[in-house]
Amino acid sequence: MSLSRRTILLSGAALGAAGAVTGLPVAAGAAAAHRPLTYPFTLGVASGDPDHDGFVLWTRLAPQPLAEDGLGGMPDRDVPVHWELAADERFRHVVRRGVAVARTRSAHSVHVELAGLLPGREYFYRFRAERHLSPIGRTRTAPAPWTMPAALAMGFASCSQYEHGYFTAYRRLAETEPELILHLGDYQYEYAPDTYNVPGGNPRDHEGPETRTLANYRQRHAQYKTDADLQAAHAVAPWAVVFDDHEVENNWADEVPEAPDPEFPARRASAFQAYYENMPLRRTSIPRGIDMQLYRRVRWGRLATFHMLDTRQYRDDQACGDGYRDCAAASDPARSITGAEQEAWLLDGFRRSDARWDILGQQVFFAQRDNNSGPLTVTSMDAWDGYAASRDRITRGWLGAGVRNPVVLTGDVHAHWASDLKLDYADPTSRTVGTELVCSSITSTGDGADSVSGSHPWFAFNPHLRFQNNLRGYVRTTITPGQLTADFDVLPYVTRPDAPAYTRASFVIEDRVPGLHQTADNPLPSGARTATPSADPGQQTVQQETVRP
Ligand SMILES: [Fe+2]
């Protein structure tokens, strides 16, 4: 990628100040009947759910993004939004253009779902509303279904509590220019300002109350989307997103809220509506009341199939009252974390798959994670441990289907983890039947702390757990036909802006060999935690040598 393109994308700058210098028509008389909009692209642009001939382009108009009514300061009228798709970042080769309508009833969000494009191609897009031009986004189509691409650079992230720090990790991920980004949940948090605090105090505050109404959720999404680092990550590549709990409410399970609440169905419907409006999702995910189709597949030629799961909407209520428990009901075969329909869909997908890598993009810890050093097995009732029979059916499902390389990707726990997946976690000598990679949070729980790799106390009685690190960050994967490389990137701090990123550890999974091989363990450079980012060119050089070797 040329330096100029990189500068354009990562600075979020719009090319040209008005439609006159672009192929987008300049609005004339139509706007005269209304008060003209002030700059409405404060939430940036995004794209998502790529397939071999298309993707979704997204934006939402919000001249005053923090408006309490959630409507972004928009007038109560439909606004035509012109869009352009080009093969080049200068928009000299425009391949598609059109007009979408941003409507009040969808908070002036725009979803343009494109098809019929060429496979395996990079595209650039932008929007215009009246005389205002959006930033430019880059996206791409997946490779053709029958092809075996040489490599895919994919990054995944989760848990971005706005109050807990700066979204620098999103920017550092964007700077690595992945071709695809997965977000595995807790994209936003429901809390009122200052009710979920990190040690030393939150560096930023939520706007508005705890989210309950559609207006609340729309306002909260808008606040998150104003973040320039998050916008940079959306603008650099297509995303495939799934929600976890905090997009609605902490630890909800189907229609059961955390604490009894007769209004919960309405709350869930509002949360889903706002989530759809603010994410680059296909029209198949438009919510219908309290229901929303979120589980789906993203295929990357014959190299990888991403099975994106929904482990919230259909799950049984957490066993034994939630929390960490040694709980017999957690193994009840009648209980499910996916629901029967999604389970059948997933198992069927395993049987039909001809992908080299079958990757589960999902929310909560899959491997057993016992926190009790004694004879009890004390695990999280909110994770797959609370639905052990469900986990067993999925695991045996991929074995029975002969899935060549099953890999589970996970968020939720606000720390990096990596695990070998076992057929029987009670027997450390049982077969390794897959691999799990867990990304730390972007910000949630604040700065965290580095530690010596392999030193986590739970490793002694969970030998399948192989890596843990409690700094913030994201995971980058390079997927080829022969191996999957996972780089666990960390930031030394997030409660101050502009931290560098370091690749703390790297693992490789070889084709047809389930389980992890560690290839790098890089302690942080001394002074990394306290270093203040500097514009001094000498120091920049030193940083670049140590960042992501
Ligand atoms: Fe979280």
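Me: How many aromatic pairs does the count come to?
Reply: The model is predicted. Rings of Phe, Tyr and Trp pair if their centres lie within 6.5 Å. By this rule the count comes to 28 aromatic pairs.

Me: Which class of aromatic pair do Tyr 162 and Phe 167 form?
Reply: The ring centres of Tyr 162 and Phe 167 are 5.9 Å apart, and 90 degrees lie between the planes. Planes over 60 degrees apart count as edge-to-face. The pair of Tyr 162 and Phe 167 is therefore edge-to-face.

Me: Into which class does the pair of Trp 252 and Phe 264 fall?
Reply: The centres of these two rings, Trp 252 and Phe 264, are separated by 6.2 Å, with the planes at 45 degrees. Planes under 30 degrees apart count as stacked and those over 60 as edge-to-face, with the rest tilted. The pair of Trp 252 and Phe 264 is therefore tilted.

Me: How many residues apart in sequence are the parts that Trp 252 and Phe 264 tie together?
Reply: Trp 252 is in the loop between β11 (239-241) and α5 (264-278), while Phe 264 belongs to helix α5. Both Trp 252 and Phe 264 are buried. The parts tied together by this pair are 12 residues apart.

Me: Which residues coordinate the iron ion?
Reply: The donor atoms are SG, OD, OH and NE2, at 2.1 to 2.6 Å from the iron ion. In sequence the donor residues follow the spacing C-x26-D-x2-Y-x224-H. They are Cys 159, Asp 186, Tyr 189 and His 414.

Me: What is the geometry of the site of the iron ion?
Reply: The angles among the 4 donor atoms run from 85 to 165 degrees. The site of the iron ion is classed as irregular.

Me: Are Cys 159 and Tyr 189 buried or exposed?
Reply: Cys 159 has a relative accessible area of 0%, and Tyr 189 is likewise at 0%. Buried means under 20%, so Cys 159 and Tyr 189 are both buried.

Me: At what distance from the ring centre of Phe 91 does Arg 126 lie?
Reply: A charge sits over a ring if CZ of Arg is within 6 Å of the ring centre and within 35 degrees of the ring normal. Arg 126 lies over the face of Phe 91, at a distance from the ring centre of 3.8 Å.

Definitions and conventions:
Residues numbered from 1 in each chain as written. Predicted model: local features only at pLDDT ≥ 70, side-chain atom pairs only at ≥ 80, totals over all residues. Heavy atoms only, no water. Donors = N, O, S within 2.8 Å, 3.2 Å for Na, K, Ca; no water. Tetrahedral: all angles 85-135°; square planar, octahedral: opposite > 155°, others 65-115°. Buried < 20%, exposed > 50% of the residue type's maximum accessible area, 1.4 Å probe, protein only. Phe/Tyr/Trp six-rings, centres within 6.5 Å; stacked < 30°, edge-to-face > 60°. Helix = DSSP H or I, 4+ residues; strand = E, 2+ residues; numbered from the N terminus.
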